[in-house]
Amino acid sequence: MTDYFGTDYFSCRDRFLDAAGDHVVEFYAHPDLKIEGVGTHVVTIGEGEQLCVVTSGCHGVELPFGSAVQTAALQQLQVPAHMTLILIHALNSYGAYHQRRFTDGNIDLCRNFWTRLPGANAAYQRLATLLNAHPDEAAAADIELASLQAAMGHEFISAIMGGQFSDPKGFSYGGNSPAHARLVLEEILAAHQGRVSECRVLDLHTGVGPHGEPTFVCLQKGKALARARSLCGEGLVAPLADENPGIGSRKLHPAVGHPTEGYERIFAGIPVTSLVLEMGTYPPEETLPLLIAEHRYEYHGLQGTHAARATKAAMWQQHAPEDGHWRDQALAAGLSALQRLTLS
């Protein structure tokens, strides 16, 4: 089962395309990546009126898990007649290729689907100078960050990861216009407007939650959340509805500009159930420092250095541990989730 996991963008892509076989594959080249075959690939199976969309690589460095699930699904999953299954591989192809979380323009794609441009993230402003510190000054900056984390508690992670819209070169920038990947997703899904009676979406991610354990997250309320819980169980985390939502020791806050907003806009008028499957890897005290370190290299134009490349490689491994047991668990969890969405 571990053979489904690629070691870089190309090996993920090649596994996916090989598994696609005779299926028609649509290709969306990235305008900033002048490398043949680098972009987003899409396979659509079936013509049923119930739509199921599965994305991988929204955060580029998280591609391996989502790609593995999509590749295995192409080989193992039988799509019922009432379903249309869309597999969107490496949505953030720029980030996947460069082994970073963000897109071209330094945008966190999962903060880019706002309807109206959000206001300032005041908590982020407290941290911005330290997050953007030069790598040579990282040690001193990290000591100050640790002090602020102790003072801010759970709000510290939210300030960094929740999205900000005032610092284009800064961490977790949500963008002031739609990113290329957002436009690609909207184009793919808009083709099904008016044709389908229901839409379910499964965004595949890694990096949050206990090691080797899957967690479902839903950024919806009301009837949509009830549908999500009927599919995934009461253990589902709902930051917009739960009083103290969290995964393990990490409290979750509502994300600004999440793709869920985009799905609901595109398919307004029909039931939309938007789910995130997070496969746990390592605790934030291990993953966040690498994300910040990689960001600092980019911020200061040092992404081509040996240290930056080593950091990117370590981030890739953190988001898809080279552990056969973890990978077997992850693949089984992803396929099980997809079966729930397509068979019910």
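Mentor: A crossing is right-handed if the near helix is turned clockwise from the far one by less than a right angle, and left-handed if anticlockwise. Keep in mind that this model is predicted.

Trainee: In which hand does helix 7 pass helix 9?

Mentor: Helix 7 passes helix 9 in a right-handed crossing.

Trainee: How do I describe two packed helices?

Mentor: Give the angle between their axes and the distance between the axes. For helix 7 and helix 9, the angle is about 30 degrees and the axes lie 10 Å apart. Angles under 35 degrees count as roughly parallel, so helix 7 is roughly parallel to helix 9.

Trainee: Which residues meet there?

Mentor: Helix 7 brings Arg182, Leu185, Glu186, Leu189 and Ala190. Helix 9 brings Tyr263, Arg265 and Ile266. By class, this contact has 5 nonpolar, 3 charged and no polar residues.

Trainee: Which residues of helix 9 are buried?

Mentor: Pro259, Thr260, Gly262, Tyr263 and Ile266 are buried. They cover an arc of only 160 degrees around the axis, which puts them on the same side of helix 9. Their cover includes helix 7, strand 3, strand 5 and strand 9.

Trainee: And how do helix 2 and helix 12 pack: at what angle, and how far apart are their axes?

Mentor: The angle is about 60 degrees, with the axes 9 Å apart. Helix 2 and helix 12 are therefore oblique to each other. Their crossing is right-handed. Among the contact residues are Phe65 and Val69 of helix 2, and Leu331 and Leu335 of helix 12. By class, the contact has 9 nonpolar, 2 polar and no charged residues.

Key: Residues numbered from 1 in each chain as written. Predicted model: local features only at pLDDT ≥ 70, side-chain atom pairs only at ≥ 80, totals over all residues. Heavy atoms only, no water. Buried < 20%, exposed > 50% of the residue type's maximum accessible area, 1.4 Å probe, protein only. Helix = DSSP H or I, 4+ residues; strand = E, 2+ residues; numbered from the N terminus. Arc of directions from axis to C-beta. Contact = heavy atoms within 4.5 Å. Axes fitted to C-alpha atoms, helices over the stretch in contact; angles between N-to-C directions. Parallel < 35°, antiparallel > 145°, perpendicular 65-115°, else oblique. Nonpolar A, V, L, I, M, F, W, Y, C, P; charged D, E, K, R; others polar.
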